Amino acid sequence: MSAGASGVALERSLEALDVLAAERGLHLERDVPVGPLTTLRVGGPADRLLTPRTREELLAALSLARDAGVLPFVLGNGSDVVVADAGIRGLVIRNRARAIAIDPASERSRLQVDSGTPMALLVRRVASEALAGLAFGISIPGSLGGAVWANAGAHGGEMRDVLQEVEVWDPATGAAGWLAGAACGLAYRESRFKHSAEVILAARLALRPGDTELIGAEIAAHQEQRRATQPLADQNAGSVFRNPPGDHAGRLIEAAGGKGMRHGSASVSPLHANFIVADRGGSAADVRQLGDRLRAIVAERFGVELDYEIDFVGDWAASGPAGGRM
Ligand SMILES: Cc1cc2nc3c(=O)[nH]c(=O)nc-3n(C[C@H](O)[C@H](O)[C@H](O)COP(=O)(O)OP(=O)(O)OC[C@H]3O[C@@H](n4cnc5c(N)ncnc54)[C@H](O)[C@@H]3O)c2cc1C
């Protein structure tokens with residue numbers, strides 16, 4: 001399809017979204033800056049934005065997109081994305097559905113959690129219920145859905161350890177259903193959701209009975225460790241690259257001379273070489289170009305091809321020479 005033809009198709013989809021949203025009483029915002037909804041705080045606007053706050057509202061948003069013929073982009077806490085400077089075409093669904101249900105009768109304490117629930121909120125809630133096994137999640141500033149998508153992990157724990165089932169919405173059928181955790185393809189920073197348009201609605205987690213004080217101490221120790229080693233006060237999106245087998249991306253970048261390197265408004269954190277920090281008002285293209293430079297110096301020095309862990313999303317084709325993927 002030519003750019004002109006795809007532009008016309010997009011305009012038609014946006015019109016359909018607007019008409020259907022008005023009919024269904026859904027509050028669709030227009031041309032909303034997405035950068036401020038992410039931890040890196042760069043990037044341009046979404047054509048349309050919906051912010052569902054319950055599972056029902058999330059399903060209504062997904063149905064709206066499907067009926068209008070638009071593939072939506074689902075944003076969690078925005079802690080693993082770099083939004084293109086040109087923004088995101090079509091509909092962004094900012095998932096704020098955050099119900100937590102605990103079944104005390106379950107043999108292993110079982111939880112059902114909406115995918116928009118912030119991990120920190122969930123970790124504190126289960127700690128207050130004396131449920132152990134999720135303290136690692138305090139260091140993951142994402143939503144539960146984003147954490148499943150990435151099989152996020154820290155301090156020796158990862159989502160795979162606690163995930164029992166995932167409720168998934170399939171854009172092809174518009175139907176939702178439960179998948180066993182084992183069917184989700186969770187591996188190191190990997191899941192089937194990175195390779196599909198499925199949307200995670202909720203998850204069931206299995207935790208074990210624990211001691212509130214001990215869990216609290218574990219959470220505090222994790223937080224202390226992170227404060228000492230990561231630039232938490234700066235605008236960043238966590239680790240830029242996955243660790244290659246048997247090594248650490250941060251070590252390789254530092255050894256290749258990348259620590260402290262700057263490209264325009266983006267720089268490598270002096271605290272942790274696998275973190276790129278954006279200046280206030282910085283650009284996504286600078287982040288991408290600095291990331292690509294780091295990949296190049298590590299490949300040249302060590303022959304190791306680093307893979308991005310952060311997700312470049314939106315209209316990178318219209319964002320200038322940095323390139324990227326949609
Ligand atoms: C300071 C800092 C520290 C971090 N530390 C860690 C760490 O220790 N370990 C770690 O693993 N990660 C870490 N991260 C990265 C990030 O927090 C995790 O990857 C997190 O799981 C992303 O969740 P999110 O809700 O922010 O996802 P977003 O950034 O909002 O989205 C990321 C991707 O997930 C998709 N997605 C989000 N929700 C859904 C859903 N419901 N259904 C389908 N797809 C969805 C989005 O479409 C997007 O492609 C860190 C980030 C920061 C900023």
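I note first how elements are named: helices (H or I, at least four residues) and strands (E, at least two) are DSSP runs, numbered from the N terminus. With that in hand I looked up Val126, which is found in helix H3 (residues 119-128).

**Entry on the model.** I am working with a predicted model, in which local features need pLDDT of at least 70 and side-chain atom pairs count only at pLDDT 80 or more, while totals for chains, interfaces and linings use all residues. Residues are numbered from 1 along each chain as its sequence is written.

**Entry on Val126.** I call a residue buried if 20 or more other C-beta atoms lie within 10 Å of its own, exposed if 12 or fewer, and partly exposed in between, with C-beta atoms placed from the backbone. Val126 is buried, because 25 other C-beta atoms lie within 10 Å. Two residues are in contact if their C-beta atoms, placed from the backbone, lie within 7 Å. Not counting residues up to four places away in sequence, I found Val126 touching Leu111, Leu131, Leu134 and Leu207. I also looked up Val126 and Ile100, which are 26 residues apart in sequence and 9.4 Å apart in space, C-alpha to C-alpha.

**Entry on the domains.** The domain bounds come from an automatic or database domain assignment. By that assignment the protein chain is divided into domain 1 (3-94), domain 2 (100-229) and domain 3 (249-309). I find 30 Å between the centres of domain 1 and domain 3, taken over C-alpha atoms. Between these two domains, 8 residues of domain 1 are in contact with 7 residues of domain 3. The side of domain 1 that touches domain 3 has 5 nonpolar, 1 polar and 2 charged residues, where Ala, Val, Leu, Ile, Met, Phe, Trp, Tyr, Cys and Pro count as nonpolar, Asp, Glu, Lys and Arg as charged, and the others, Gly among them, as polar.

**Entry on the core.** A nonpolar core is a set of buried Ala, Val, Leu, Ile, Met, Phe, Trp, Tyr and Cys residues joined through C-beta atoms within 7 Å. Which residues have the most contacts inside the largest nonpolar core? They are Val82 and Val148, in a core of 89 residues. I then turned to Leu40, which is found in the loop between E1 and E2. Leu40 is buried, with 25 other C-beta atoms within 10 Å. Apart from residues up to four places away in sequence, Leu40 touches Val82, Gln235, Asn236, Ala237, Ala278 and Val287. The C-alpha atoms of Leu40 and Val81 are separated by 7.7 Å, although these residues are 41 residues apart along the chain. Arg41 lies in the loop between strand E1 (29-33) and strand E2 (45-50), and has a positive phi of about 60° although Arg41 is not a glycine. Is Arg41 buried or exposed? Arg41 counts as buried, because it has 21 C-beta neighbours inside 10 Å.

**Entry on Arg189.** I looked up another positive phi in a residue other than glycine, and found that of Arg189 near 50°. Arg189 lies in the loop between strand E12 (175-180) and E13, and is partly exposed, with 18 other C-beta atoms within 10 Å.

**Entry on helix H7.** Helix H7 (residues 284-302) has 19 residues and reaches 27 Å from its first C-alpha to its last, close to the 27 Å expected at 1.5 Å a residue, the expected span being 1.5 Å times one less than the number of residues. Among the buried residues of H7 I note Ala284, Val287, Arg288, Leu290 and Leu294. The buried residues of H7 pack against several elements, including strand E4 (81-83), helix H6 (249-255) and strand E18 (311-313). Just after H7, Gly303 takes a positive phi of about 70°.

I count a residue as near a molecule if its C-beta atom, placed from the backbone, lies within 6 Å of it. Of the 35 residues around the ligand, Gly76, Gly142, Gly145, Gly146 and Gly238 come nearest. Elements giving two or more residues to this shell include strand E3 (73-75), helix H4 (144-150) and strand E13 (199-206). The largest share, 5 residues, comes from H4. By class, the shell has 17 nonpolar, 16 polar and 2 charged residues.
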